[in-house]
Amino acid sequence: MGKRSGDKYQSIIEAAVEVFARYGYHRARVSDIAREAGVADGTVYLYFESKEDVLVSLFRDKMGDFVATIKNALIEEPDVEGQIERLIKMHLTQLGANRRLALVTQIELRQSDPSIRKAITDPLQEYFDVIEGIIRQGQQVGAIRCDVDVKLARKMIFGTIDEVVTSWVLSKRDYPLAELAEGIFRLVVRGLVG
């Protein structure tokens with residue numbers, strides 16, 4: 001495995017977002033990514049083993065950064081409902097600010113082969129753990145009904161956000177994704193709070 005840090009590494013990751021969004025994962029070539037990053041084709045292979053490795057690394061890096069940001073933001077929010085609201089807003093704001101990244105994470109990763117889907121489960125599971133942690137905390141303090149199944153609630157929260165982002169990516173209309181956060185929050189909280 002190649003090096004996993006530095007300016008060139010980040011340039012290649014950002015270039016990959018652009019190239020995968022423009023051509024789709026299957027039609028994109030490593031040479032396209034190298035050209036977009038302003039590096040030689042061989043330089044990509046100093047950092048990544050393959051195009052698949054670039055896609056997986058892109059997701060791991062972006063999701064890892066997002067989960068770290070979410071965790072830090074939730075520390076500042078003592079109220080469980082506030083944590084749910086912040087998580088939803090941050091998810092929509094991050095992807096709403098970068099439609100190309102949203103396209104890659106919502107569409108390209110899902111059209112990939114099973115080995116790629118398997119490779120992205122750890123960072124996704126970390127995000128799921130954050131959501132489940134909020135739900136458990138809410139149950140402990142009485143803010144969320146105790147009869148709510150934690151995993152099912154997490155699937156509903158993530159699934160709702162995920163579907164809204166996918167619809168936005170596929171839409172021909174351009175509208176601010178983050179503005180949908182409040183409506184999602186109200187629907188989710190009404191189902192969780194007793």
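Isoleucine 131 is placed in helix α8 (residues 121–140), where helices (H or I, at least four residues) and strands (E, at least two) are DSSP runs numbered from the N terminus. The structure is a predicted model, in which local features need pLDDT of at least 70 and side-chain atom pairs count only at pLDDT 80 or more, while totals for chains, interfaces and linings use all residues. Residues are numbered from 1 along each chain as its sequence is written, and side-chain values use heavy atoms, with hydrogens and water left out.

With a relative accessibility of 2%, isoleucine 131 counts as buried; buried means under 20% relative accessible area, exposed over 50%, and partly exposed in between (1.4 Å probe, protein chains only). When residues up to four places away in sequence are not counted, isoleucine 131 touches Leu87, Arg154, Ile157 and Phe158, a contact being defined by heavy atoms within 4.5 Å.

Histidine 91 belongs to helix α5 (residues 80–96). Its relative accessible area is 6%, and histidine 91 is therefore buried. Apart from neighbours within four places in sequence, the contacts of histidine 91 are Phe66, Tyr127, Phe158, Ile161 and Val165. Between histidine 91 and aspartate 162, which are 71 residues apart along the chain, the C-alpha separation is 9.1 Å.

Lysine 51 is located in helix α4 (residues 51–75). At 18% relative accessibility, lysine 51 counts as buried. Its contacts, leaving aside neighbours within four places in sequence, are Phe20, Tyr25, His26, Ala28 and Val30. Aspartate 149 stands 98 residues from lysine 51 along the chain, and their C-alpha atoms are separated by 39 Å. Threonine 43, in helix α3 (residues 41–47), is likewise buried, at 15% relative accessibility. Threonine 43 touches Lys8 and Ile12, residues up to four places away in sequence not being counted.

Arginine 145 is partly exposed, with a relative accessible area of 33%. In sequence, arginine 145 and isoleucine 135 are ten residues apart; in space, the distance from C-alpha to C-alpha is 9.3 Å.

The protein as a whole contains ten helices and zero strands. Its radius of gyration is 18 Å, close to the 16 Å that the globule rule gives for 194 residues, so the protein is as compact as a globular protein of that length; the radius is taken over C-alpha atoms, and the rule is 2.2 Å times the number of residues to the power 0.38. Along the principal axes, the C-alpha trace spans about 60 × 35 × 30 Å. Buried residues account for 48% of the 194 residues. Among contacts with a separation of 6 or more, 71% are between residues 24 or more positions apart.

The accessible surface comes to about 10100 Å², of which carbon and sulfur atoms contribute 51%; areas come from the Shrake-Rupley method with a 1.4 Å probe, and for residues only the protein chains shown count as cover. The side chains include 27 positive and 29 negative ones, and the centres of the two sets lie 4 Å apart. Lys and Arg count as positive and Asp and Glu as negative, whereas His and the chain ends are not counted; each charge is placed at NZ of Lys, CZ of Arg, CG of Asp or CD of Glu.

The average pLDDT of the protein is 92, and 96% of the residues score at least 70; pLDDT is the predictor's confidence in each residue, from 0 to 100. Confidence is highest in helix α2 (residues 30–37), at a mean of 98, and lowest in helix α10 (residues 181–192), at 84.
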